[in-house]
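Colleague: I am new to reading protein models. Could you take me through a few features, one at a time?

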Amino acid sequence: MEILRKNRLKKTDVYDTYWRFACERQNIFLKRLSDWEADLTSDPILKHYKFTNTYRVNDRVSQYLIRNVIYSDAFNEEDLLFRILLFKIFNKIETWEKLKLTLGEITYKNFDIGLYSKVLDDMFNNNERIYSGAYIMSSGKHFFGNKRKYLNHLYLISMIMKDKFSLKVKRCKSLEDVFILLKKYPTIGDFLAYQYAIDINYSDVTSFDENDFVMPGPGAKAGIRKCFFDIGSYTESDVIKYMVDNQEYEFQKLGLDFFNLWGRDLKLIDCQNIFCETDKYAREKHPDIMDKNGRKRIKQIYKKNTNKIDYMYPPKWNIVRS
């Protein structure tokens, strides 16, 4: 990747905070691995509020996707892509488990909108949350015409799969191609298309370098605006590439001992996510540096989840935990 000339990027104080946050959040992850009950950090902001991991793959939902949705058994490519789409549309572990408990093994050949919607109807009527709050999904009502958001999304999945999706994914030559393919379907915009492309790429259906392509989401763009008061003629994607290219230099410059993911450096998807989390972190750390969205508070309070994670990574990454 092209390394941007440093004098073109005019930085704020939040820029160094980006790297300090990334290092300390990774330290928390590593400490939790060795001692679940340990006092994980002295940072009062990280103690009080919830932030995603420095590496996206270490977040609870990503770990569940990898172990329980993608690599739980041997599935053909059509079933595997269906499972990934179904899980990610709702992005909630409890919804997946309720569907599986009620309907049995989840595969495309057994997909029935009526049966699936009945399970979701029951959840809705029992005031159970169906969707994660991590992503904002368009309801799809304008396109599919159903009152219930989840029913429109079942029809969306059906549309995608009937469009020979598995064959089209296999024809993709890059991560960007998968992104472009996903964007063609209703209710899937830039942010979700990129996130879904990354999730598909955890599987063996595709095997693209995560540094091939990035699409910054709204949160990442807000973080970039806080880290830089001027990025010149460069795009937000260029800036994220700059962070990937300069990570080792920046950690060393600040005297930070950053322990990567057992040899795996930060990728574009990780640096994109860190910008999003830095935007939130800076609301407390740098309250004087406001973004145009006007947000001043961090909404999610940290609550320890007592369910331990048995971390697993795509086998093709060849990660060996030490």
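Colleague: What volume does the second largest pocket have?

Modeller: The model is predicted, and in it the second largest pocket has a volume of about 160 Å³.

Colleague: Which residues line the second largest pocket?

Modeller: The lining is made up of Q247, E248, F251, Q252, L256, F258, N260, D265 and L266. Sorted by class, the lining of this pocket has 4 nonpolar, 3 polar and 2 charged residues.

Colleague: How many cavities of 30 Å³ or more does the structure hold?

Modeller: A cavity is a space where the probe fits but cannot get out. The structure holds 1 cavity of 30 Å³ or more. The largest cavity has a volume of about 40 Å³. Its lining consists of K88, I89, F90, N91, Y131, S132, Y135 and M137, which divide into 5 nonpolar, 2 polar and 1 charged.

Colleague: Now a single residue. Is S166 buried or exposed?

Modeller: Buried means under 20% relative accessible area. S166 counts as buried because its relative accessibility is 16%. S166 is part of helix 9, residues 165-171.

Colleague: Which residues does S166 touch, leaving out those up to four places away in sequence?

Modeller: S166 touches E77, E78 and L81. As for L80, its C-alpha is 9.0 Å from that of S166, although 86 residues separate the two in sequence.

Colleague: Where in the chain is confidence lowest, and where is it highest?

Modeller: The mean pLDDT is lowest in helix 7 (residues 141-144), at 88, and highest in helix 10 (residues 175-183), at 98. The chain averages a pLDDT of 93, and 97% of the residues score at least 70.

Notes
Residues numbered from 1 in each chain as written. Predicted model: local features only at pLDDT ≥ 70, side-chain atom pairs only at ≥ 80, totals over all residues. Heavy atoms only, no water. pLDDT = per-residue confidence, 0-100. Helix = DSSP H or I, 4+ residues; strand = E, 2+ residues; numbered from the N terminus. 1 Å grid on protein atoms, 1.4 Å probe; cavity = no way out; pocket = protein on both sides within 12 Å on 5 of 7 lines; lining within 4 Å. Points joined across faces, edges and corners; volume = space filled by probe spheres on them. Nonpolar A, V, L, I, M, F, W, Y, C, P; charged D, E, K, R; others polar. Buried < 20%, exposed > 50% of the residue type's maximum accessible area, 1.4 Å probe, protein only. Contact = heavy atoms within 4.5 Å.
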